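Let's take a walk through this model, one residue neighbourhood at a time. Keep the viewer open as you read.

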Amino acid sequence: MENNQRNMITAVVLIALLMLGWELGLNYFYPEPKEQPVATASEVPGGTSEKDVATVKHTREGGLTDADAIAVEQADLDQSLGSADRVVIDSPEVLGSINPVGAKIDDLTLKTHRQSVDKDSGPVRLFSPDGTPAQQFAQFGFVGDNVKLPALNTVWQAEGGPLAPGKPVTLTWNNGEGLIFSIRFEIDQHYMITATQTVANTGATDVAVKPFALVNRTSNTASVDTWTVHSGPIGAFDGSVGFGNDYDDVAEKGTIAGTGVTDWIGFTDIYWLSALIPQDGAKNSSNYRSLGDAKFRADVIYDAMAVPSGKQVSRTTRLFAGAKESRVLDMYEETGITNFGLAIDWGWFRWFEKPIFWLLTKLFEIFGNFGVAIILLTVIVRAIMFPIAQRQFASMAAMKAVQPKMKALQERYKDDKQQLQQKMMALYREEKVNPLAGCLPMFLQIPIFYALYKVLMVAIEMRHQPFALWINDLSAPDPLHILNLFGLLDFNPPGFLAIGVLAILLGITMWLQFKLNPAQMDPAQQQIFMLMPWFMMFIMAPFAAGLLIYWITSNLLTIGQQKLLYARHPQLKAAAADEQKDKLKADLAKEQAEKPGKAKG
């Protein structure tokens, strides 16, 4: 009895250490955003010097979340967006405006995505003007030598508007020396803006200019870059999508050049993407640059194009600025944008995650609730695995049947481990028993579990999706916690103590599942299985509610399967009951045997 108590205390201490280590691990892999180190850009397109660009830079306090940055910048937005000369953008998915000063698209909100789960929360703001706390914008222009070019603060003349599908807008600027520069903007039904940059030469001599396009943003409002989900610089070069560079890398090096042919380049958050897609076949260079003060830029600069006298030459660049909706990205990929669907960081196991995602979305289309879709996905998975579960229980029954022979072998060859192993393997072959068969269903569930975990994390289709009652976002943790009396107290417990209703249900259903399993021969293993459900309750509490719903449903289905298969294998249930009785008798006898010794002492 004393040994059992010692084992119990050891197990509790180890689990406490594991929980603390889990919290530290989460903080390590999911760090808070931090201020980026300052670096200097090596080249600034726009027909001006770096000194000119420095005059439009602003500093701000770092570390704001997306919601905080939106609140803080509202006053700056009101001032920056108050110009009557702005050209309105109004398409089915996007609302915003073009700033004719500098030919910037610096005002974009996404109509179909809200800032939070609150029904009255405003739309997500993707682009904000230069100098605002959450600045992010796209700009188009020209660079060259010995040519008068539009500068960063040039006021372009706008024709047309508002910009909408089928209703283009053109910005023009005449340099007064025989060159007319124009940028024609078009927008589709989703998030793609096409910019056609043209130089018309009405002078007497040939000229050469380089069109450019850039995306400028601050990293202060970026989602956190982790080992599971990338946030930061992203692009496809020579057909391969690169996730290797983050903001720290760009800040440290100053400039990171794209290698090979640029298919697209830009910046990504978990759910949002701003990317430039250069014209096919038009030679260009692309770079990520650090501008200092936590500001970064991705740019495409075309090779110099000769514009003969009396002619005009154009380059066309597309700008994607919107939500990473899988269906939309795949649609653009089908139009020729290489691997655009991989802007969603599915990871190495996308071959398995995308079918899970496809099945979830199909079930959602039918039933209209992603929580129901997750439950039905679990039912489908368990139904597919039911024959394996039958085999597992049959193997467990066979193992129980050979336990007397196993004990006899262990007693006979207790001093000869090698001979014991050989005899045990021979017994397994003779009785046609596979001791590892019981582990197979658990191993098969691991990729499914991970795939659902990744889908809930990266798929914007899951963002803010409600289930029922208090679960209003399946991609977020359970919002009700015991320690703050389910929200009545103004207190947010740390991650591993944020135990909610779903985490408790997970622990209970796992405990019931283990109770139905045959008792383990080793007392230490029995203690581990007794504590495991509550250990997992703490571990899983910070995870997405949808993931816990999947696991709870799986546990309930497993309990149902166990009861059904116990009915088919009564010898297994009887053996389990006998083992429990024998264990109780042995513990009682041991306790009685220890009492006289203690009394004597």
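**Around Q197**

Start at Q197: leaving aside neighbours within four places in sequence, this residue is in contact with F140, G141, F142, S182, I183, P211, F212, V313, S314, R315 and T317, where contact means heavy atoms within 4.5 Å. Before going further, a word on ground rules: this is a predicted model, so local features need pLDDT of at least 70 and side-chain atom pairs count only at pLDDT 80 or more, while totals for chains, interfaces and linings use all residues. Residues are numbered from 1 along each chain as its sequence is written, and side-chain values use heavy atoms, with hydrogens and water left out.

Q197 sits in strand 9 (residues 192–201); helices (H or I, at least four residues) and strands (E, at least two) are DSSP runs, numbered from the N terminus. Is Q197 buried or exposed? Q197 counts as buried because its relative accessibility is 0%. The scale is simple: buried is under 20% relative accessible area, exposed is over 50%, and partly exposed is in between (1.4 Å probe, protein chains only). One of the contacts, G141, is 56 residues away from Q197 in sequence, yet their C-alpha atoms are 7.8 Å apart in space. The Q197 side chain also reaches the backbone oxygen of F212 at 3.1 Å. That is a polar contact, meaning a pair of N or O atoms within 3.5 Å; within protein, one must be able to donate a hydrogen and the other to accept it, and residues adjacent in sequence count only if both atoms are side-chain atoms.

Now hop over to S286, in strand 16 (residues 284–292). S286 is buried because its relative accessible area is 3%. Its side chain and that of T262 are joined by a polar contact of 2.7 Å. Setting aside residues up to four places away in sequence, S286 touches F237, A257, G258, T262, I265, D299 and V300.

How many salt bridges does a search of the whole structure find? The search turns up 9, each being a side-chain nitrogen of Lys or Arg within 4 Å of a carboxyl oxygen of Asp or Glu. D299 pairs with R297, their closest N and O atoms being 3.2 Å apart. Both partners are buried, D299 with a relative accessible area of 0% and R297 at 3%.

Another bridge joins D107 to R125, with 2.9 Å between the closest N and O atoms. This pair links distant parts of the chain: D107 is in strand 3 (residues 104–114) and R125 in strand 4 (residues 123–127), 18 residues apart. D107 counts as buried, at 10% relative accessibility.

For a contrasting setting, go to E365 and K362, whose closest N and O atoms are 3.9 Å apart in their salt bridge. These two are separated by about one helical turn because they are 3 residues apart in helix 7 (residues 350–367). E365 is exposed, with a relative accessible area of 57%, and K362 is partly exposed at 33%.

Next, the nonpolar interior. A nonpolar core here is a set of buried Ala, Val, Leu, Ile, Met, Phe, Trp, Tyr and Cys residues joined through side-chain atoms within 4.5 Å. The largest one has 119 residues, of which I105, F185, W264, L319, F340 and L360 touch the most other members. Helix 11 (residues 440–458) supplies the largest share of this core, 8 residues. Apart from it lies another core of 8 residues, including V402, L409, Y413 and L427.

T558, in helix 14 (residues 545–568), is buried because its relative accessible area is 11%. Not counting residues up to four places away in sequence, T558 touches R382 and Q513. Its C-alpha atom is 10.0 Å from that of L516, 42 residues away along the chain.

Helix 12 (residues 501–516) gives the most to a nonpolar patch, with 3 residues. The patch covers about 330 Å² and is made by I508, W511, L512 and W534. Patch members have over 30% relative accessible area and no salt bridge; like charges are joined within 9 Å, nonpolar side chains (Val, Leu, Ile, Met, Phe, Trp, Tyr) within 5 Å. Accessible areas come from the Shrake-Rupley method with a 1.4 Å probe, and for residues only the protein chains shown count as cover. W511, in helix 12, is partly exposed, with a relative accessible area of 33%.
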